[in-house]
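I opened this notebook to record a few look-ups in one structure. The entries below follow the order in which I made them.

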Amino acid sequence: MAKKLVVAIDGPAGAGKSTVAQLAAKELGYTYIDTGAMYRAVAWKALKAGEPLTDEKILTAVADIAVSLRYDGKRTQVFVDGEEVTNEIRTPAISAVVSQVARLGPVREKMVEQQRRMADAGGVLMDGRDIATHVLPNADVKIFLTASLAERAKRRWKEMQEKGYVMTLAELEADIARRDKADSEREISPLVQAPDADLLDTTGMDIAAVVRAIVERCGK
């Protein structure tokens with residue numbers, strides 16, 4: 001029986017990590033862990049306390065939060081304290097504050113602890129910003145997934161249009177550039193490519209080709 005690998009995928013906002021990671025995990029027969037969704041879940045709970053969002057509100061929200069992920073055969077469902085928030089955490093309001101949430105040490109500590117526990121048994125594909133460098137530094141397969149800023153903005157814009165949100169391509173490109181800057185410059189676990197990670201630039205590639213490239217890197 002083949003060894004169940006631990007696969008770590010990192011990359012910037014809008015690189016399509018969640019979409020291709022879910023499909024690759026399904027093909028490999030692995031559990032998909034969307035770490036970005038976990039930070040979005042914390043942001044969702046913190047925003048329930050009302051705006052403006054402060055560090056104090058975020059730390060209060062994360063103190064006793066229980067985030068769980070469940071695959072229903074089609075997609076990963078996200079629960080916060082037992083309540084399903086899968087769609088609620090994908091709004092522009094959450095996207096605008098998730099970097100602010102993720103930069104806080106106590107938030108990352110709590111989420112990383114839960115993520116490592118999920119990966120212990122192997123057969124896991126996890127994506128995020130610091131999986132290969134910090135969360136799972138001993139992962140069997142490490143991939144840094146990226147694409148040009150223009151391509152990432154275009155993909156996210158199409159996704160937002162399909163969900164009924166009105167944003168211009170220029171606004172989205174500026175938003176993603178801001179997130180890139182915040183994610184790569186934060187003091188705790190910044191977004192960087194691990195020295196032993198494979199670079200996978202998906203500019204101009206379709207989803208099927210990216211999934212195939214990930215599965216090939218896992219030796220299947």
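Predicted model: local features only at pLDDT ≥ 70, side-chain atom pairs only at ≥ 80, totals over all residues.

**Entry 1: helix α7.** I first looked up helix α7, which runs over residues 149-162 and has 14 residues. I noted a reach of 20 Å from its first C-alpha to its last, close to the 20 Å expected at 1.5 Å a residue. Which residues of α7 are buried? I found R152, A153, R156 and M160 buried. Seen down the axis of α7, these buried residues fall within an arc of 95°, so they line one face of the helix. On the other side of α7, I found K154, K158 and E162 exposed. I then looked up the packing partners: the buried residues of α7 pack against α2 (35-47), α4 (92-102) and α8 (169-185). Just after α7, I recorded a positive phi of about 90° at G164.

**Entry 2: the hairpin of β3 and β4.** I next examined strand β3 (residues 67-71) and strand β4 (residues 76-80), which pair in the antiparallel sense over five bridges. I noted that R70 stands opposite Q77 in β4. Four residues lie between the strands of this hairpin, and G73 takes a positive phi near 100°.

**Entry 3: Q114.** I located Q114 in helix α5, residues 105-119. Is Q114 buried or exposed? I read a relative accessible area of 11% for Q114, which is under 20%, so Q114 is buried. Leaving aside neighbours within four places in sequence, I found Q114 in contact with M38, I65 and V67.

Note on methods: Residues numbered from 1 in each chain as written. Heavy atoms only, no water. Pairing = 2+ DSSP bridges. Helix = DSSP H or I, 4+ residues; strand = E, 2+ residues; numbered from the N terminus. Expected span 1.5 Å × (residues − 1). Buried < 20%, exposed > 50% of the residue type's maximum accessible area, 1.4 Å probe, protein only. Arc of directions from axis to C-beta. Contact = heavy atoms within 4.5 Å.
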